[in-house]
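Dear colleague,

Please find below the structure I promised to hand over. My notes on it follow directly after.

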Amino acid sequence: MAEIVVALDHPTGDEALALVDRLPRARWVKVGSVLFTREGPALVETLRVRGLEVFLDLKWHDIPNTVAGAVRSAAALGAAMATLHTLGGREMMAAAREAAGSLRLVGVTVLTSHDAASFGQAVGRDAVEIGTEALRLADEAMAAGLAGLVCSPAEVGALRGRLGKGALLVVPGIRAAGAPADDQRRTASAGEAAAAGATHLVVGRPITGAADPGAVLDRLVAEAGAGGR
Ligand code: C5P
């Protein structure tokens, strides 16, 4: 089975907590940089007190010492999982791992906003193949001891095959068949992504924009459980 992680993509903590109030059966929430920059650690603590596991999605990418310090602070805060950029390099990832304790670190490989041209330009190479780059960076992340990766529904099957059983695979872009994709280009249903090997499914607008968010979450939990490994 895969866990459903509710993405709290709200501008304020009050709005995020109002949604959480409507999701008594939620187990995991994601706090990203917009909400964290506004509300800070206090919101994470409030969510923890409500019994939620917090996925802190701050996508760190800095010198090893600085990232290790941020990871240490997130672990002390009680966050359960956090992101960093694999492009920060093996030394940065290893320093983060060293500081993580029980905080699970998952790596971002190639941002989905990149195409081959823009990624090639960023790393100073002419011809890149995005899928190959993502797999290469995934190998770097595992070599550095990260717990897993963030990936799109299109990549989850290949990554599960490559990384074996233990790795966490955190997958956004979850949509029911026929539902609006919003700005997501590669989507899958909760059952499909879980069956392909995802361990955590990050879901935002299908829950946050629903008339009855609790009912949508219940459906997703059932689907991810039924489709999971
Ligand atoms: O609303 P939606 O379900 O599309 O939200 C998906 C969540 O996953 C958002 O918080 C978004 O920032 C995040 N995400 C993503 N695509 C990535 C990485 C993260 O949609 N490649």
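I begin with a helix start: a side-chain oxygen of D115 comes within 3.2 Å of the backbone nitrogen of A117, where helix α6 (residues 116–123) begins. Please bear in mind throughout that the model is a predicted one. After α6 comes G124, with a positive phi near 70 degrees.

Other positive phi values

Two further residues deserve a look for their backbone angles. K59 is not a glycine, yet its phi is positive, at about 45 degrees. This residue belongs to strand β3 (residues 53–60). With a relative accessible area of 31%, K59 is partly exposed, because that class covers values between 20% and 50%.

D182, likewise a residue other than glycine, has a positive phi near 55 degrees. D182 is placed in the loop between β7 (168–171) and α9 (190–196). Its relative accessible area of 44% makes D182 partly exposed.

The ligand site

Which pocket holds the ligand? The ligand sits in the largest pocket. Around the ligand are A7, D9, K30, T112, P172, R175, Q184, V202, V203, G204, R205 and P206. By type, this shell divides into five nonpolar, three polar and four charged residues. Two elements, β8 (200–203) and α10 (205–208), each contribute at least two residues to the shell.

- D9 places a polar side-chain atom 2.7 Å from a ligand oxygen atom.
- K30 has a side-chain N or O atom 2.9 Å from an oxygen atom of the ligand.
- R205 takes part through its backbone, with an N or O atom 2.7 Å from a ligand oxygen atom.

Taken alone, the ligand exposes 460 Å², and the protein buries 79% of that.

T86 is located in the loop between β4 (81–85) and α5 (90–100). Is T86 buried or exposed? Its relative accessibility is 2%, so T86 counts as buried, the limit for that class being under 20%.

E133 is a residue of helix α7 (residues 130–143). At 4% relative accessibility, E133 is also in the buried class. Which side chain does E133 contact? The side chains of E133 and R125 are joined by a polar contact of 2.7 Å.

Buried positions in loops and at a helix

L8 is found in the loop between β1 (3–7) and α1 (13–21), and its relative accessible area of 1% makes it buried. L8 and L35 are 27 residues apart along the chain, and their C-alpha atoms are separated by 7.9 Å.

G13 lies in helix α1. G13 is buried, its relative accessible area being 4%. From G13 to G40 the chain runs 27 residues, and the C-alpha atoms of the two are separated by 9.4 Å.

G197 is in the loop between α9 and β8. A relative accessible area of 1% places G197 among the buried residues. Between the C-alpha atoms of G197 and A143 there are 20 Å, for 54 residues along the chain.

A188 is situated in the loop between β7 and α9. A188 counts as buried at 10% relative accessibility. How far apart are the C-alpha atoms of A188 and V171? They are separated by 9.5 Å, with the two residues 17 apart along the chain.

With kind regards

How values were computed
Residues are numbered from 1 along each chain as its sequence is written. This is a predicted model: local features need pLDDT of at least 70, side-chain atom pairs count only at pLDDT 80 or more; totals for chains, interfaces and linings use all residues. Side-chain values use heavy atoms; hydrogens and water are left out. A residue is near a molecule or strand if one of its heavy atoms lies within 4 Å of it. A polar contact is a pair of N or O atoms within 3.5 Å; within protein, one must be able to donate a hydrogen and the other to accept it, and residues adjacent in sequence count only if both atoms are side-chain atoms. Accessible areas come from the Shrake-Rupley method with a 1.4 Å probe; for residues, only the protein chains shown count as cover. On a 1 Å grid over the protein atoms alone, a cavity is a set of points where a 1.4 Å probe fits but cannot get out, and a pocket is an open set with protein on both sides within 12 Å along at least five of seven lines; lining residues have an atom within 4 Å of a point. A molecule sits in a cavity or pocket if more than half of its atoms lie within 2 Å of its grid points. Helices (H or I, at least four residues) and strands (E, at least two) are DSSP runs, numbered from the N terminus. Ala, Val, Leu, Ile, Met, Phe, Trp, Tyr, Cys and Pro count as nonpolar, Asp, Glu, Lys and Arg as charged, and the others, Gly among them, as polar. Buried means under 20% relative accessible area, exposed over 50%, partly exposed in between (1.4 Å probe, protein chains only).
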